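I opened my notebook to look up a few residues and the nonpolar cores. Here is what I wrote down, entry by entry.

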Amino acid sequence: MSFIRLLRLNAWRKPLRTLLMMLSVAAAFLVYGLGQGFLAGAQGSGGADESRLVVQSRNGAGEPLPQAMVARIAAMPDVAAVAASARIRGSITTQTNVAVASAVDPEAMAGIMGEELGLTPDLLAALGGARDRVLVGRALMEAEGWRVGQRVALTPFQMKRADGAPWSFVIAGTFAGARADVDTYFMIARYDYVNAARAKGRDTVDGILVQPRQSVSPSELAARIDAAFLSSAAPTRTQSEKAFLEALIRQIADFGLIVTLVTTASFVTILMIVANTMAFAVRERRFEIGVLKVLGFSGRRVLTLVLGETLLVFLAGGLVGLGLAKLAEGLAPAELGLALTLPVFFRAVLVLLALALLTGLVPALLALRTSTANALRSR
């Protein structure tokens with residue numbers, strides 16, 4: 001009998017017990033996968049760029065910046081590209097159905113995020129027709145059931161039109177995003193149209209996206225931008241896009257802490273369940289462990305046998321849990337932003353292996369320290 005076959009037969013000696021342990025592990029890693037997938041999507045860990053910078057008012061995100069600041073930042077020698085945005089946050093049909101339209105210079109936005117968002121020349125040309133045209137992200141398009149050519153209305157929460165009417169746009173096309181973790185639950189509108197029609201705050205922007213040149217340190221450029229406007233009427237706060245998105249989500253709640261607490265609780269629970277069950281299984285098999293040692297099994301091989309059983313339980317249960325989390329990503333509403341990316345999956349596998357070794361250590365040491373004489377006297 002091979003070592004692998006012996007390991008498998010031992011693991012499935014009591015199928016119900018093994019299946020229950022696997023289900024416990026699967027439930028824990030389903031929670032972990034969903035939590036980490038939500039953080040990856042909400043914080044933009046995949047779509048956000050560490051090198052890209054976001055410039056906002058130092059007085060708070062609600063304070064606009066003058067549009068003239070865009071040209072000053074673009075003229076800095078270490079800046080490769082700049083794109084400004086004015087955000088219209090509002091509702092569609094019902095008050096709870098919230099959507100966002102980012103009013104931008106399309107060419108400037110394409111220069112920074114064109115490849116990431118999938119802004120093709122055809123889409124930019126379609127947006128360049130009538131000024132009230134918009135490009136709608138695939139996630140928002142699918143959620144609302146819209147079609148190209150349809151006119152849609154966005155009732156704003158703050159950025160009102162001068163005539164008091166809702167913002168009205170014609171859908172010129174759909175951008176899909178280059179990767180699954182890129183946020184596409186928003187619209188891209190033309191800044192010139194929005195700026196001319198809004199009731200107040202003309203010639204201002206909510207934020208400025210800055211792409212540093214290739215060999216420039218983003219943190220150093222951020223410091224220079226803030227220093228340049230320190231004494232102006234609109235001082236700035238510049239940070240990486242990733243830091244900006246993480247700060248934005250923390251304004252709602254510290255989801256990172258919540259996810260950590262929930263997953264820690266679930267992992268501690270499975271550690272107690274599986275470790276206790278495996279220790280009980282080893283005590284049941286004391287006589288057999290003694291026989292194996294008589295047959296020439298070294299302490300290391302007995303240790304490996306018990307650790308292998310635990311690893312088998314964790315691998316089977318953990319991969320099922322992560323698979324269910326990936327399935328939930330496809331079934332969940334796009335606005336929830338679940339993104340179980342490869343980095344998240346690899347981290348989960350590392351956590352799985354670490355927990356398997358930690359859980360199997362106590363019963364494995366128990367099997368290792370069992371003397372042959374005591375084991376044979378146990379029957």
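**Entry 1: Q56.** I looked up Q56 and found it in strand 1, residues 53–57 (strands are DSSP runs of E with at least two residues, numbered from the N terminus). A note on my source: this is a predicted model, where local features need pLDDT of at least 70, side-chain atom pairs count only at pLDDT 80 or more, and totals for chains, interfaces and linings use all residues. Residues are numbered from 1 along each chain as its sequence is written, and side-chain values use heavy atoms, with hydrogens and water left out.

Is Q56 buried or exposed? Q56 counts as buried because its relative accessibility is 14% (buried means under 20% relative accessible area, exposed over 50%, partly exposed in between, with a 1.4 Å probe and protein chains only). Leaving out residues up to four places away in sequence, I listed its contacts as A61, L65, D206, G207, P235, T236, R237 and F244 (contact means heavy atoms within 4.5 Å).

**Entry 2: S240.** I found S240 in strand 11, residues 236–240. S240 is buried too, at 15% relative accessible area. Apart from neighbours within four places in sequence, S240 touches E50, R52 and L53.

**Entry 3: the cores.** Next I checked the largest nonpolar core, which has 44 residues (such a core is a set of buried Ala, Val, Leu, Ile, Met, Phe, Trp, Tyr and Cys residues joined through side-chain atoms within 4.5 Å). Its largest share, six residues, comes from strand 3, residues 79–92. I73 is among the residues with the most contacts inside this core. Not counting residues up to four places away in sequence, I73 touches V55, V79, V82, I208, V210, I225 and F229. I also noted a second, separate core of 22 residues, including L124, A172, V182 and L209.

Technical notes: Helices (H or I, at least four residues) and strands (E, at least two) are DSSP runs, numbered from the N terminus.
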